[in-house]
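Colleague: Here is a structure to read together. Shall we take it piece by piece?

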Amino acid sequence: MAYLDHAATTPMLPESLDAYVAAAREIGNPSSLHAAGRHARRLVEESRERIAAVLGARPSEVIFTSGGTESDNLATKGVFFARRDADSRRDRVVASAVEHHAVLDSVDWLAAHESAVADWLPVDAACRVDPAALAALIDEHGDELTVISVQWANNEVGTVQPIAELAALAARAGIPFHTDAVQAVGQVPVDFAASGASALTVTGHKLGGPVGVGALLLGRDVGATPLLHGGGQERDVRSGTLDTPGVVAFAVAVEAAVKTQPEYSARVSDLRDGLVARVRAAIPDAIYNGDPVHRLPGNAHFSFPGCEGDALLLLLDAQGIACSTGSACSAGVAQPSHVLVAMGADADRARSSLRFTLGHTSTGAEIDALMAALPGAVERARRATAWKTPRG
Amino acid sequence: MSGGVDSAVAAARAREAGHDVTGVHLALSRNPQTFRTGARGCCTLEDSRDARRAADVIGIPFYVWDMAEQFHESVVDDFVSEYAAGRTPNPCLRCNEKIKFEAVLDRAIALGFDAVVTGHHARLGADGLLRRSVDIAKDQSYVLAVLTREKLDRAMFPLGDSTKTQVREEAAARGLAVADKPDSHDICFIADGDTKGFLAGRLGESPGDIVDGRTGTVLGQHDGAYAYTIGQRKGLDLRVPAPDGKPRYVLSITPVTNTVTVGPREDLAVDTVTADRPIWHGSSTPVECEVQLRAHGEVVTADVTVDSDGLTARLHSPARGVAAGQAIVAYRPDPAGDIVLGSATITAGSRAAETVAAETVAAGV
Ligand SMILES: Cc1ncc(COP(=O)(O)O)c(C=O)c1O
């Protein structure tokens, strides 16, 4: 099988899996006072320190969660509630138009249920947010903004955003700035303190750790109303018994991913560049989407004019090649991607897109396998598009 | 794969027969919440999940294909305009003709597949003949008879040799959780089963007369002729009782004058049925065979002629409730399953020399 869908989830690193299994054999609730509890707590706190150390955070800023979705919900809803409670004039939430649904739908929910006003930052054709747009918004509505959320890197087209610039604008106005760095950690350098962000989302299963565990890095002075109430763990912001083996394995993976990032990035972007060149040579009218420079090393995203991304996916899957249309599903029906639409693509181009993402296990042989199958699949998918033409 | 038991078992059998099978669920609603919810319908999120789960158990790839636009144009809009024209359409038949064995088949062929397998209860064996299922009560050959030779050659119906009970047992034995799912009934795109309300919402109210077919007397009013079907007795709400006190039935619907004509049961009887758009697999006509005039309707012996004008059936015994827009399907009785000779869309039924529903035809076009 050629697995070209690492942005969906990437295999666990062997050292992370080993750490998971070792910790899972032990007993102890990190909140318990006895020896077993103390031992578990030690594992959790060491993990917190390891993560903080490699991501430029203080240990107390690491809040363990169940993953990216929960961290994004907490950073948007939780910070919104806290900021509005502190000053009822604040009722606006800012996010880029190309956020993951975990942010997008949280903001929509705030608009629908909490009468929040959503401000969507537009992107250019390469999917980049223009800091000037944020500056203008802050000028106009600075006093009313609760939280600003812009992803570090896009999960579909791989565009990396000018986070430091955006965070600086927010910091100057005293508005909390959250960044969803789920796709970025381990792929590009990510340093929480240096970025100037107030909150940062990271998840285990995109960087070689287990699924179902992640963290929100949350500045000490950033208030967030808890979404989960209970035992008061994690600064009282996120209740729930800590998943010791998950946290341990997550920390091992974060540390490994960050430490190997430079070599990883060089190797994988080489592979990716080879893939892109070969796709363009084989299918000259393929459109390479996203930013050619500010881009995740493992991401290659194309539109294949005249094809349905769905059909390509089916045809490649049948030949053992796993990739993604990158778009969200409702009832399994692919909707045109909001990311491509925000980039100005028409519905046909959005629907004809396919995402290949590489990761730490990727090899040249997988790209060879893709290239053996893709041209035929594109040709076939083009023919299949004719089915849409209504007949009398 | 609708998410029901039949298509799940059909997929499993096709796979077991050595075919390279891919499961496809059709998303037919523009808004998945608006179609029937729960286990009975065919187009809900829950059904899509059930279908996916069945595909996983069988071990085949599974995809959802969005056919909402085509379904709307070819089936839902057609359903409404047929009623508006005074005819009684069969949307399941239309869906087989235009969606499953046209839109889906065309796309599948283009993607490199050879055939469309469905869980219909009908037999299609090596001889290429379409026959009734062994389970007469569940037989669906009536709604498949519209398929041309070309389409039948690309179709597989693996369930025709089994009864519904056997299919359910097999589903349970295969560990398919859909084994106990209730059968779907009614029309999948009318969420609450209220066809009249659905049509009223699309066509608006359009009051007109209910007329006595023998005397021409106006007996009452209706809110829209589309709400009536030929042979209907209930819900006429007539103030004036019939002179003989017997119930009255809808005999015909005339959109041009917006009238519904009613009369006694005996006036419903027709002995000649004409139909257009014939699909004929049988040999030369006239031929004596059996005809079925409605889904799950009675079967009567007839002499059937097919020519360039369409199909004409002279019934050996009169039939009632013959509605324009329904299919007439001709069968040749056979011990190995009655064989479909062909089908056509009913335009009119008539009795002796007198035309009963011909005005429906004239008005409809
Ligand atoms: C950018 C981004 N944010 C959030 C998520 C959600 O993370 P999780 O799967 O850990 O809930 C994902 C992955 O699905 C993602 O790509």
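Modeller: Start just after α4(A). There A:S115 takes a positive phi of about 55°. Keep in mind that this is a predicted model.

Colleague: What should helix α4 of chain A span, and how far apart are its end C-alpha atoms?

Modeller: Helix α4 covers residues 101-113 of chain A, which is 13 residues. At 1.5 Å a residue, the helix should span 18 Å. That agrees with the distance between its end C-alpha atoms, 17 Å.

Colleague: Which elements do the buried residues of α4(A) pack against?

Modeller: First, the buried residues themselves: A:A102, A:V103, A:L104, A:S106, A:V107 and A:L110. Their packing partners in chain A are α3, β3, β4, β5, β6 and α11.

Colleague: Which helix gives the largest share of the shell around the ligand?

Modeller: The residues around the ligand include A:G68, A:T69 and A:D72. The shell divides into one nonpolar, eight polar and three charged residues. Its largest share is three residues, and they come from helix α3 of chain A.

Colleague: How much of the ligand's accessible area does the protein cover?

Modeller: Look at the polar side-chain atoms first. One of A:D180 lies 2.6 Å from a nitrogen atom of the ligand. One of A:Q183 lies 2.7 Å from an oxygen atom of the ligand. On its own the ligand has 390 Å² of accessible area, and the protein covers 86%.

Colleague: Is A:C127 buried or exposed?

Modeller: A:C127 sits in the loop between β4 and α5 of chain A. Its phi is near 85°, a positive value in a residue other than glycine. Its relative accessible area is 0%, and the cut-off for buried is under 20%. So A:C127 is buried.

Colleague: And B:H296, buried or exposed?

Modeller: B:H296 lies in the loop between β12 and β13 of chain B. It is not a glycine, yet it has a positive phi of about 60°. Its relative accessible area is 62%, and exposed means over 50%. So B:H296 is exposed.

Colleague: Which residues does B:E288 contact, leaving aside neighbours within four places in sequence?

Modeller: B:E288 lies in strand β12 of chain B. At 54% relative accessibility, B:E288 counts as exposed. Its contacts are B:T301, B:A302, B:D303 and B:H316.

Colleague: Is the peptide bond from B:T285 to B:P286 cis or trans?

Modeller: Most peptide bonds are trans. B:P286 lies in the loop between β11 and β12 of chain B. The bond from B:T285 to B:P286 has omega near 5°, and it is cis.

Terms used: Residues numbered from 1 in each chain as written. Chains lettered and ligands numbered in written order. Predicted model: local features only at pLDDT ≥ 70, side-chain atom pairs only at ≥ 80, totals over all residues. Heavy atoms only, no water. Near = heavy atom within 4 Å. Polar contact = N/O pair within 3.5 Å; in protein donor to acceptor, adjacent residues only side chain to side chain. Areas by Shrake-Rupley, 256 points an atom, 1.4 Å probe, with all protein chains shown as cover. Helix = DSSP H or I, 4+ residues; strand = E, 2+ residues; numbered from the N terminus. Nonpolar A, V, L, I, M, F, W, Y, C, P; charged D, E, K, R; others polar. Expected span 1.5 Å × (residues − 1). Buried < 20%, exposed > 50% of the residue type's maximum accessible area, 1.4 Å probe, protein only. Contact = heavy atoms within 4.5 Å.
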